[in-house]
Amino acid sequence: MSTFTPVKNDTFLRALRREPTEYTPVWLMRQAGRYLPEYRATRARAGNFMGLCTNPELACEVTLQPLARYPLDAAILFSDILTVPDAMGLGLYFEEGEGPKFKSPIKDEADVAKLAVPDVGTSLKYVTDAVSTIRGALGGRVPLIGFSGSPWTLACYMVEGGSSSDFRKVKAMMYKRPDLMHQILSVTTEAVIQYLKAQIEAGAQAVMVFDSWGGALADGAFQQFSLAYLKRIVQALPLEANRGSFKEHIPSIVFTKGGGLWLEDLASTGASALGVDWTVNLGQARARVGERCALQGNLDPNVLFANPPQIEAEVAKALESFGVPQNGVGHVFNLGHGISQFTDPEAVTVMVNAVHNYSKRQRAQ
């Protein structure tokens, strides 16, 4: 059992609790990734991507790399959303240049009948070991975020057998055999709940659900096949964790890429915060969700290919759009999706400093 240390910089957690903060906290989706030369070196040592994910010490090493470069306000566990279906026996592997694939995708009723919630304590122990290793190595410097894919997003990969441009197979099953789709989603939801609970127990201080493909659904289908299961997850998660000598409040973040249409629906999940992509106007999003939850986002990742003054201007624009957070309203700055592997690491320095400096000035006015 890890010895847990209370967090020193809790700005991110306070923003999620919608409490006042001295500045707007910032972290990046995929902040430990291929844009960093040190990450590429560690990944080469690991042999491949899954070698990196399944080695708790190396996963810890890459999780901490961006924190050594940038004054970020949170660390996020280095892992992959597809560890859950892999633990369910679908056989995850990565084709160079083609992304994730499954050896045994779900094709028919017989495949669905075989699906079962994995024993998280054994098949996903390498993830919880990574969480406790990272939590120990952080020593309370910043909070650690655990995460999972959403049931709908995981089902997309499980039925398609990998990435998809049109979601033809998964949507065909959804419309032809909604009973089978709900069965996949129910089993996957229970697996996600157990997985996130195990991460919290191991030391995660906030958890995030990535509904990366929720935006591929039609209105109506989204509520039935994604939102209902997101709600089930959020409501099953513990609100606090006992760390021995102290307790920690555990906020939850839900991010549906392309989900701007459904912000009010997503706020009804009970999540502490909603992640929003760059198609959403932050000021309008704030007006729509009010004091129901905090917001996280939402700079277009491609802004980081601009020159420093332009990056600073876009950061200012996003912060101005949200306005100054206050009691009951919180904002965590982030990109509207994962950082591109082609990003110059120096552009991230510009962005992080701009967020901290501009948001401090905002509050001083």
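This is a predicted model: local features need pLDDT of at least 70, side-chain atom pairs count only at pLDDT 80 or more; totals for chains, interfaces and linings use all residues.
Local features require pLDDT of at least 70 and side-chain atom pairs count only at pLDDT 80 or more, whereas totals for chains, interfaces and linings use all residues. Residues are numbered from 1 along each chain as its sequence is written, and side-chain values use heavy atoms, with hydrogens and water left out.

Helix α11 spans residues 178–202 and packs against α5 (residues 83–90). Helices (H or I, at least four residues) and strands (E, at least two) are DSSP runs, numbered from the N terminus. The axes of α5 and α11 come within 10 Å and cross at roughly 120°. Axes are lines fitted to C-alpha atoms, for helices over the stretch in contact, and angles run from 0 to 180 degrees between N-to-C directions. The two helices are therefore oblique to each other. Angles under 35 degrees count as roughly parallel, over 145 as roughly antiparallel, 65 to 115 as roughly perpendicular and the rest as oblique. The crossing of α5 and α11 is right-handed, meaning that the near helix is turned clockwise from the far one by less than a right angle. Thr-83, Val-84 and Met-88 of α5 make the contact with Val-187, Thr-188, Ala-191 and Tyr-195 of α11. Contact means heavy atoms within 4.5 Å. By class, this contact has 5 nonpolar, 2 polar and no charged residues. Ala, Val, Leu, Ile, Met, Phe, Trp, Tyr, Cys and Pro count as nonpolar, Asp, Glu, Lys and Arg as charged, and the others, Gly among them, as polar.

Helix α8 (residues 125–138) also packs against α11. Their axes come within 8 Å and cross at roughly 30°. That angle makes α8 roughly parallel to α11. The crossing is right-handed. Val-127, Thr-128, Val-131 and Ser-132 of α8 meet Tyr-195, Ala-198, Gln-199 and Ala-202 of α11. The contact divides into 5 nonpolar, 3 polar and no charged residues.

On a 1 Å grid over the protein atoms alone, a cavity is a set of points where a 1.4 Å probe fits but cannot get out, and a pocket is an open set with protein on both sides within 12 Å along at least five of seven lines; lining residues have an atom within 4 Å of a point. Grid points are joined across faces, edges and corners, and a volume is the space filled by probe spheres set on the points.

The largest pocket holds about 1,400 Å³ of space. Of its 39 lining residues, Arg-30, Arg-34, Phe-49, Asp-80 and Phe-94 are the closest to its centre. Elements giving two or more residues are α2 (37–46), α3 (49–53), β2 (92–95), β3 (99–102) and α9 (151–160). The lining has 18 nonpolar, 13 polar and 8 charged residues.

The second largest pocket holds about 200 Å³. Helix α15 (residues 308–322) gives the most to its lining, with 4 residues. Asn-298 is one of the lining residues. The peptide bond from Gly-297 to Asn-298 is cis, with omega near 0°. Asn-298 sits in the loop between β10 (294–296) and α15.

The count comes to 1 cavity of 30 Å³ or more. The largest cavity holds about 40 Å³. Helix α13 (263–267) and strand β9 (273–275) each supply at least two lining residues. Val-280 is among the residues lining this cavity and among those lining the second largest pocket.
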